[in-house]
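Please look over this two-chain model and its sequence. The report below takes one chain, then the other, then the contact between them.

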Amino acid sequence: MTAYLEARRLVTSFGSTPALRGADLAVAAGEIVAVLGPSGSGKSTLLHCLGGLLRPDAGEVHLDDLRIDTLDDRARTQLRRTSIGVLLQYGQLVPELTAEENVALPLLFGRRGRAEALAAGRTWLERLGVADVGAQRPGQLSGGQQQRVALARALVTEPRLVLADEPTGALDSVAAEQVMELLTGVARQSGTTVVLVTHDLRVASYADREVVLRDGQIVGAAVVGAGIA
Amino acid sequence: MSTPIAVLGLLQSGPRHGYDLKREHDARFPLAKPLAFSQVYSTLGRLERDGLVEVTEQQAGDGPDRTLFGITEAGRQHLRDWVVEPEPPAPHVANVLFTKLVVARLGGSDGSAYLDVQRTAHLSRMRELTEERRSGDTATALGADYALFHLEADVRWLETTLARLDTLDQGAQL
């Protein structure tokens, strides 16, 4: 199976501290892959390189037929707005906006009309079981509700790739389970590719397969698409 | 799991034939090893001997399936006592995972290769359990959850131990 998302020999350092030392990762279209590894192994750095948030010092990142690590800032931002959804540990919702407005935000940035963007936001909130909190601000929501709103925001542009960094790290077991059921359920239904960084094995068990990052390198050989039919 | 306790527990809601007990046991404890018919009847025999169950109906004909067993008051009291009694935490570490790590270390390995293959094996089973929890009934979901937490604990322990090995090596031999 060919790779939809591929990182080749990624090298990244923060000052004199190396984070990635030649990391390779290949993910098939529609595949859900969990990246495991101890703290400081480079998991989040790898995810940031895959999403074009960070330019590696060396190596290449390919998304479909596009090499993204050499794109300029504007092109990478555009790519993230249209093709990549990002879900972080604490949701990172804008506290002054309602849940509905938070979900609509990526569409508004993409110059979609306000009414259309808010309608899409409502649709996604409903799909993820939190339609009733649309008018509330993040501070009024539980952690699980906030993360569902953040998930709706990551999915509202119907991205081909979702990158999730410890998406359940701030949630209790039951709320974490609900978020993972929703994330993987939507991804499998729509054929969305997901790369998921986690230290939680129960979260990783929702993925098709896992890879382990140790000292900035992926350990062992990974077969692309091995976990999906 | 204690088979006599499980059998007594199933009889709380009314008398059963041995066949029904086997079927209900396997449905209530779907991720446990299925009960053999012979085990059901030998267990019922011991429970009857101890006064915890009794024959409530004996239908005409041959074979043990003609016999209906019910729980006695002594059996109900036994269950009430058992349910509220705390289980002693395991006093000894006698797990094959622990033994493998020690043996790997004794052979000069740092144990990380073993951790990687064990994590892969555990995660493979965890994926199956996650799917079973999603698609199964309540009993299956409860059993899957229990197994998932324990498998996760195994790997977390392995990872923590390996992360500590450098420090441990300086003070004592593992």
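Of the 174 residues of chain B, 18% count as buried. The model is predicted. Chain B has seven helices and three strands. From the N terminus on, these elements follow the order α-β-α-α-β-β-α-α-α-α. Among contacts in chain B between residues at least 6 apart in sequence, 52% join residues at least 24 apart.

**Helix H3 of chain B**

Helix H3 of chain B covers residues 37-49, 13 residues in total. From first C-alpha to last, H3(B) reaches 19 Å, close to the 18 Å expected at 1.5 Å a residue. Four of its residues are buried: Val40(B), Thr43(B), Leu44(B) and Leu47(B). Viewed down the axis of H3(B), the buried residues fall within an arc of 100°, so they line one face of the helix. The face turned away from that buried side carries exposed residues, namely Ser38(B), Ser42(B), Gly45(B) and Arg49(B).

What covers the buried residues of H3(B)? The cover includes two helices of chain B, H1 (3-11) and H2 (18-28). It also includes strands S2 (53-58) and S3 (67-71) of chain B. After H3(B) comes Gly51(B), whose phi is positive, near 80°.

**The sheet of chain A**

In chain A, four strands form an open sheet in the order S2-S1-S4-S5, with antiparallel pairing. Strands S2 (17-27) and S5 (66-67) of chain A stand at the edges, each with a single partner strand, so one side of each is left without a neighbour in the sheet. Strands S1 (residues 5-14) and S4 (residues 58-63) of chain A pair over five bridges in the antiparallel sense. S4(A) and S5(A) also run antiparallel, joined by two bridges.

The table gives bridge partners within these pairings.

| Residue | Bridge partner | Strand of the partner |
|---|---|---|
| Arg8(A) | Glu60(A) | S4(A) |
| Glu6(A) | His62(A) | S4(A) |
| Leu63(A) | Leu66(A) | S5(A) |

S4(A) and S5(A) form a hairpin with two residues between them. In the turn, Asp64(A) has a positive phi of about 60°.

Cys49(A) is found in helix H1 of chain A. Is Cys49(A) buried or exposed? Cys49(A) has 27 C-beta neighbours inside 10 Å, so it counts as buried. Leaving out residues up to four places away in sequence, Cys49(A) touches Ala7(A), Leu10(A), Thr12(A), Leu54(A), Pro56(A) and Val61(A). One of these, Leu10(A), is 39 residues from Cys49(A) in sequence. In space the two are 8.4 Å apart, C-alpha to C-alpha.

**Where the chains meet**

Ten residues of chain A are in contact with ten residues of chain B. On the chain A side, the elements that give two or more residues are helix H7 (201-204) and strand S9 (209-214). H7(A) gives the most, with three residues. What is the make-up of the side of chain A that touches chain B? Its residues divide into six nonpolar, two polar and two charged.

Terms used:
Residues are numbered from 1 along each chain as its sequence is written. Chains are lettered from A and ligands numbered from 1 in the order in which they are written. This is a predicted model: local features need pLDDT of at least 70, side-chain atom pairs count only at pLDDT 80 or more; totals for chains, interfaces and linings use all residues. Two residues are in contact if their C-beta atoms, placed from the backbone, lie within 7 Å. Ala, Val, Leu, Ile, Met, Phe, Trp, Tyr, Cys and Pro count as nonpolar, Asp, Glu, Lys and Arg as charged, and the others, Gly among them, as polar. The expected span of a helix is 1.5 Å times one less than its number of residues. A residue is buried if 20 or more other C-beta atoms lie within 10 Å of its own, exposed if 12 or fewer, and partly exposed in between; C-beta atoms are placed from the backbone. The arc is that of the directions from the helix axis to the C-beta atoms. Two strands pair if DSSP finds at least two bridges between them.
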